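Work through the exercises below with the sequence and the structure side by side. Try each task before reading its solution.

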Amino acid sequence: MGSITFIPTDGTIGPATGGKIVDGKYQIHASDGPVPGQHLVQIMGRRGTGKFKQEKLEGEIVNTEIIEEMVPKKYRGKSELKHKVQAGTNTLNFDLTTDD
C-alpha cells in the first residue's frame, strides 16, 4: 500500500494532489491531476513485516501486524524529489534508491 503526492512549488499555483500506489503503479486522472509546473513529489509506501504485536482495542487484546515504511526518507515527508509536470498527458516513473 502506498501513495504519491504532488505539491506545487517554485511559483506553480494550484492544489496539492495525488493518488494511491498499488503494486508499484499509480494513476491520476487529468481532472484530478497536478497542474502544469514544478512540483515536490512525496512517495509513501508501507508493508507488513509478518510480525505481530498485541494491542488492547475496545477492551479486547488483539494481534495486529507490525507495518514498516519501505520508502527511503528522502522521498517521504522531507522529499528531495522534484518534477516538472507538462500540460497534457504525463507518464511519470520514479526510480527510488535506498538511503546510504
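Phe-6 and Phe-94 are both buried, where buried means under 20% relative accessible area, exposed over 50% and partly exposed in between, with a 1.4 Å probe and protein chains only. The model is predicted, so that local features need pLDDT of at least 70 and side-chain atom pairs count only at pLDDT 80 or more, while totals for chains, interfaces and linings use all residues. Residues are numbered from 1 along each chain as its sequence is written, and side-chain values use heavy atoms, with hydrogens and water left out.

**Exercise 1. Work out which aromatic rings pair with Phe-6, and which parts of the chain these pairs tie together.**

Start with the rule: rings of Phe, Tyr and Trp (its six-membered ring) pair if their centres lie within 6.5 Å, and planes under 30 degrees apart count as stacked, over 60 as edge-to-face and the rest as tilted. By this rule the count is two aromatic pairs.

Next, take Phe-6 with Tyr-26: the ring centres are 6.4 Å apart and the planes stand at 45 degrees, so this pair is tilted. Phe-6 belongs to strand E1 (residues 2-8) and Tyr-26 to the loop between strand E2 (17-21) and E3, so the pair ties together parts that are 20 residues apart in sequence. Phe-6 counts as buried at 1% relative accessibility, whereas Tyr-26, with a relative accessible area of 25%, is partly exposed.

Then take Phe-6 with Phe-94, a tilted aromatic pair with 6.5 Å from centre to centre and 50 degrees between the planes. Because Phe-6 lies in strand E1 and Phe-94 in the segment after strand E5 (82-85), this pair ties together parts that are 88 residues apart in sequence.

Put together, ring pairs link Phe-6, Tyr-26 and Phe-94 into a cluster.

**Exercise 2. Describe how the strands follow one another and how E1, E2, E3 and E4 pair.**

Now go through the pairings. E1 and E2 pair in the antiparallel sense over five bridges, and the bridge partner of Phe-6 in E2 is Thr-17. E1 and E3 also run antiparallel, joined by seven bridges, with Ile-4 opposite Ile-43 in E3. Strand E3 (residues 37-57) pairs with strand E4 (residues 60-69) over nine bridges, again in the antiparallel sense, and Glu-55 has Val-62 in E4 as its bridge partner.

**Exercise 3. Examine the phi angles of Asp-10 and Glu-58.**

Begin with the background: most residues other than glycine have a negative phi, and most peptide bonds are trans.

Asp-10 is not a glycine, yet its phi is positive, at about 50 degrees. Asp-10 is placed in the loop between E1 and E2 and is exposed, with a relative accessible area of 61%.

Glu-58 takes a positive phi near 55 degrees in the hairpin of E3 and E4, which has two residues between the strands. With a relative accessible area of 78%, Glu-58 is exposed.

**Exercise 4. Characterise the largest pocket by its volume and its lining.**

The method uses a 1 Å grid over the protein atoms alone: a cavity is a set of points where a 1.4 Å probe fits but cannot get out, a pocket is an open set with protein on both sides within 12 Å along at least five of seven lines, and lining residues have an atom within 4 Å of a point. Grid points are joined across faces, edges and corners, and a volume is the space filled by probe spheres set on the points.

The largest pocket holds about 750 Å³ of space. Of the 33 residues that line the largest pocket, Ile-4, Phe-6, Tyr-26, Gln-27 and Leu-92 are the closest to its centre.

By class, the lining has 19 nonpolar, twelve polar and two charged residues, where Ala, Val, Leu, Ile, Met, Phe, Trp, Tyr, Cys and Pro count as nonpolar, Asp, Glu, Lys and Arg as charged, and the others, Gly among them, as polar.

Finally, look at Leu-92, which lies in the segment after E5 and counts as buried at 13% relative accessibility.

Key:
Pairing = 2+ DSSP bridges. Helix = DSSP H or I, 4+ residues; strand = E, 2+ residues; numbered from the N terminus.
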